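Here is a short report on one chain.

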Amino acid sequence: MNSLKPHWPAFALPDMTLLAGTTALPVSDYFADIDPCTGQAFADIPAATTEHVNRMVEAAHTALHHPDWRAMAPLHREKLLHRWADLIEQDLPRLAALEARDTGKPLSLAEAVDVPTALNWLRTYAGWPTKLAGKSTALAGCPDHFHAYTRREPVGVVAAITPWNFPMVLAMWKLAPALAAGCTVILKPAPESPLSAFRLAELARQAGFPPGVFAVITGAGDIGAALASHPRVRKVAFTGSTATGQKILQASIPDLKRLTLELGGKSPSIICADANLERAIPEAAMACFFNSGQVCYAGTRLYVQRSRYEQVLEGIASHARQQRLGPSWDRSSQLGPLISAQHHAKVSAMLARAEAAGISVVGPVQTVPDTGYYCAPRIYRDVPATAEIAREEIFGPVLVATPFDDIDEAIALANDSDFGLGAHVWSNNLSETHELARRLDVGSVFVNCVLMADPALPFGGMKRSGLGRENGAEVFAAYLEPKSVVIGLR
Ligand code: ADP
């Protein structure tokens, strides 16, 4: 079935026998990779078994302790990570095509955002191995007859479990710091979008990573669960739904595994009366509609100071109508379809319930292409804080709007959520922006800008949006165990 026609130029699928190669176990079962733009299956993906999981974890455990990896000079590890980045950079067109094909996102977006962003992360963390030093210290309660110091040991075998919205980027958020720290990693991409993971593994092999240091396993949630609960896996780095994150947290209890969980969001966008609306309107629209709303920290709840409410609603609705919905291979497309028929049905049902409850959309809403799982971007107005669409993550291009009168009310509305991932704020009042940044219960606040996650800054959620932080120097707390050493000198 492995055909990429009719809309795509011929390019080779990545080597998916890697799965069998790493474990020396044949693959006997496959599942279909479906193009969200057509609903057609276009590739057969190996369906791993728990025996594959067991063999792969053993291989990762062996690689962790092998001197080729464990005793590698930090500078050599940096060079290896940079060599991998060079290969990824040279491979940008193909990686972008695989990502667009898998997810349905516009090819131009995968080229401009997905691959370059993954590279930014890899290059940033490629410079870390030589800087991951421990410290030496005098003992607090003893005379100075001791040499006391800390080492930072790799936490062990890491399971990286990722979703389908930014497959390569979110894989690299985990792979780059984990490998920089000297861990070994098994990546389980979402079954909807596995191709870029295989290609990353192929390029890592070409770069010269020792066998077993980085492997890919594909399957559904049961394979993720088998991996996350394997006793030899010491850390799980997960991005996905809150419900699955809770299961992973529960499964971590027997072995007290280290976890980072980057989960759902319902992030507020707050537009104050004095904001520059020429920027706030298109950027608030983009904060919600980008990647067809399939972004964990998308700004999906819009709060606008009452005097500007109608103007902002009309501006964003007009922006929504101008977005060009279309398939990934068409370079004029701005928004692709949702990821799957199942997700499309879930989003449609939620919107139908909102409309049945009398919540009105700022119309008209554009019509969508005939084939593919498209959802037109839209904005609902005067949405009560109790409404399902105001409380639950939709993961589609849907904005819910409510007016506010003063900053205290905006903060109360914004914080009235089970989630606490991100917040976007537009204001030209310096003290107002700092007050909002201080009082919003979220992991990241973006003022007069949107969706600015960066490898230099920690990223993660408060409340049900997650546990721990990825990115920044802070991420190494998740991949390195401090070890204290005390040597008596007399
Ligand atoms: P979504 O509902 O958006 O697909 P999920 O959180 O279910 O989000 O999926 C994110 C990733 O977690 C995918 O790779 C999926 O296969 C995996 N997954 C699903 N269920 C489990 C589980 N119980 N344990 C570990 N991983 C899982």
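Buried means under 20% relative accessible area, exposed means over 50%, and partly exposed lies in between (1.4 Å probe, protein chains only). Of the 490 residues of the chain, 56% count as buried.

This is a predicted model, in which local features need pLDDT of at least 70 and side-chain atom pairs count only at pLDDT 80 or more, while totals for chains, interfaces and linings use all residues. Residues are numbered from 1 along each chain as its sequence is written, and side-chain values use heavy atoms, without hydrogens or water.

**Overall fold**

The chain has 17 helices and 20 strands. These are DSSP runs numbered from the N terminus: helices are H or I with at least four residues, strands E with at least two. The radius of gyration of the chain is 23 Å, close to the 23 Å of the globule rule for 490 residues, so the chain is as compact as a globular protein of that length. That radius is taken over C-alpha atoms, and the rule is 2.2 Å times the number of residues to the power 0.38. Along its principal axes the C-alpha trace spans about 75 × 65 × 40 Å.

Contact means heavy atoms within 4.5 Å. Among contacts between residues at least 6 apart in sequence, 75% join residues at least 24 apart.

**Helix H9**

Helix H9 covers residues 221-228, and its buried residues are Ile223, Gly224, Ala226, Leu227 and Ala228. Their cover includes helices H2 (50-65) and H10 (242-251). Strands E5 (157-161), E6 (184-188) and E8 (233-239) also contribute to that cover.

Histidine 145 lies in the loop between strand E3 (136-137) and strand E4 (146-154). At 27% relative accessibility, histidine 145 counts as partly exposed. Leaving out residues up to four places away in sequence, histidine 145 touches Ile487, Gly488, Leu489 and Arg490.

Threonine 260 sits in strand E9 (residues 258-262). This threonine is buried, at 4% relative accessibility. Beyond four places in sequence, the residues touched by threonine 260 include Lys235, Phe238, Leu467 and Ala478. The C-alpha atoms of threonine 260 and lysine 235 are separated by 8.1 Å, and the two residues are 25 apart along the chain.

A polar contact is a pair of N or O atoms within 3.5 Å; within protein, one must be able to donate a hydrogen and the other to accept it, and residues adjacent in sequence count only if both atoms are side-chain atoms.

| Side-chain pair | Polar contact |
|---|---|
| Histidine 145 and arginine 490 | 3.0 Å |
| Threonine 260 and lysine 235 | 2.7 Å |
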